[in-house]
Amino acid sequence: MQITLLGVGSSAGTPVVGCNCATCQSSNSRNKRSRCSSLITLPTGENILIDTGPDLRNQALRENIKRVDAVLYTHTHADHLHGIDDLRAFCQIQRSQIPLFANQDAVTHIQNKFGYTLREPCDFWDLPVLRAEVIHQPFQLFNIPITPIPVMHGKIHIFGYRIGNLAYLTDVSEIPESSFDLLQGLDILLLDCLRETSHPTHINMEQSLSYISRIKAKQSYMIHMTHDLEYETLSAKLPAHVFAGYDGLKLTFS
Ligand SMILES: [Zn+2]
Ligand SMILES: [Zn+2]
Ligand SMILES: [Zn+2]
C-alpha cells in the first residue's frame, strides 16, 4: 500500500495569510503546507482519502488523483471537512456514490451541515453523491483492515486510523491508555506535532516525540504543523527514524 501526504499543515496552512515570518517567506517547498489530509492507495487500485480539507481540489490536481473510493473522517473541524464539496468531481468521473466513514458525532455533523451532499445516485451528478456510515470498531474496506483509534482532541473524542501497519493520528491532545494496544507493531506512524509551545487541543513537539518513543513505530512522521516549525530547523532536531512530513511525500507500507 502507499500513502501520499496531501497536506501536513495546520488549520491556517503555511504560509499563513499576511505573515512575514521566516517559514512563511521561505522558498523551500517543504515549508509550503496545505491543510492536513492523506491518500491511501491500495494494491488493487482503490483510493481511500483521510479527511477532505479545504485544499482538496488543489491537492487532487497536484497529485493527479483520478478516483476516490471512500473517505475516512477523523473529525469535522473545518480544516478536515470543508473540501467535501470537491468530492463531486470523483462522483462525476466514477458515476457512483462515495461512502464516508466516521464516528457518530462526525456523521451527525455532516448530516446537519452538509446534508445536501448525502444523495442517492441518480442521473444528476453536479452535486456530491455521498453516503455516511457510522463506525465504532475495526472493519474491512476493499479487503484491507481499518481500525479506528480513539484519541482526544481537546474535549472531543475523535478517531485516528490504523490501516495495515500504518497509523494516522492527526489533531491529538491525548492518546488514551486503551488505544496503545492498537498501535503495536507499526511500520509507519503519522502524528500531530502542532508547534513547540503547548496548545489546549494539540500535542506540541515534545509531547509528540514522547508518544513516538513510546509507540516505537519503525518510522514516524510529524504532520499538522504550524509555521512555527521550519522544515530544515525541525528536521535537524529530530532523532533517528523520526521525520518532518511534507506535502507530496509518498511512503509504502504493508
Ligand atoms: Zn486540524
Ligand atoms: Zn509565518
Ligand atoms: Zn481539529
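**Stop one: a metal site**

Keep in mind that you are looking at a predicted model. Start by selecting the zinc ion (ligand 3): its site is irregular, with angles of 89 to 174° among its four donor atoms.

Which residues coordinate the zinc ion (ligand 3)? Show the side chains of His75, His77, His153 and Asp171; they hold the ion through NE2, ND1, NE2 and OD, in that order, at 2.1 to 2.2 Å. Along the chain, these donors follow the spacing H-x1-H-x75-H-x17-D. Two of them, His77 and Asp171, link distant parts of the chain, 94 residues apart. Look for His77 in the loop between strand E4 (70-72) and helix H3 (78-81), and for Asp171 in the loop between strand E10 (166-169) and strand E11 (188-192).

Next, select the zinc ion (ligand 1). It sits 3.5 Å from the zinc ion (ligand 3), and Asp171 coordinates both.

**Stop three: charged pairs**

Side chains of opposite charge can pair when their charged atoms come close. How many salt bridges does a search of the whole structure find? It turns up ten, and here are some to click on.

- Select Arg214 and Glu177: their side chains meet in a salt bridge, 2.8 Å from N to O. This pair also links distant parts of the chain, with Arg214 in helix H6 (residues 205-215) and Glu177 in the loop between E10 and E11, 37 residues apart. Arg214 is partly exposed at 44% relative accessibility, whereas Glu177 counts as exposed at 55%.
- Select Glu133 and Arg131: here is another salt bridge, at 3.0 Å from N to O. Glu133 is partly exposed at 30%, and Arg131 is partly exposed too, at 35%.
- Select Arg62 and Glu63: the closest N and O atoms of this salt bridge are 3.0 Å apart. Arg62 is partly exposed, with a relative accessible area of 38%.

Technical notes
Residues numbered from 1 in each chain as written. Chains lettered and ligands numbered in written order. Predicted model: local features only at pLDDT ≥ 70, side-chain atom pairs only at ≥ 80, totals over all residues. Heavy atoms only, no water. Donors = N, O, S within 2.8 Å, 3.2 Å for Na, K, Ca; no water. Tetrahedral: all angles 85-135°; square planar, octahedral: opposite > 155°, others 65-115°. Helix = DSSP H or I, 4+ residues; strand = E, 2+ residues; numbered from the N terminus. Salt bridge = Lys/Arg side-chain N within 4 Å of Asp/Glu carboxyl O. Buried < 20%, exposed > 50% of the residue type's maximum accessible area, 1.4 Å probe, protein only.
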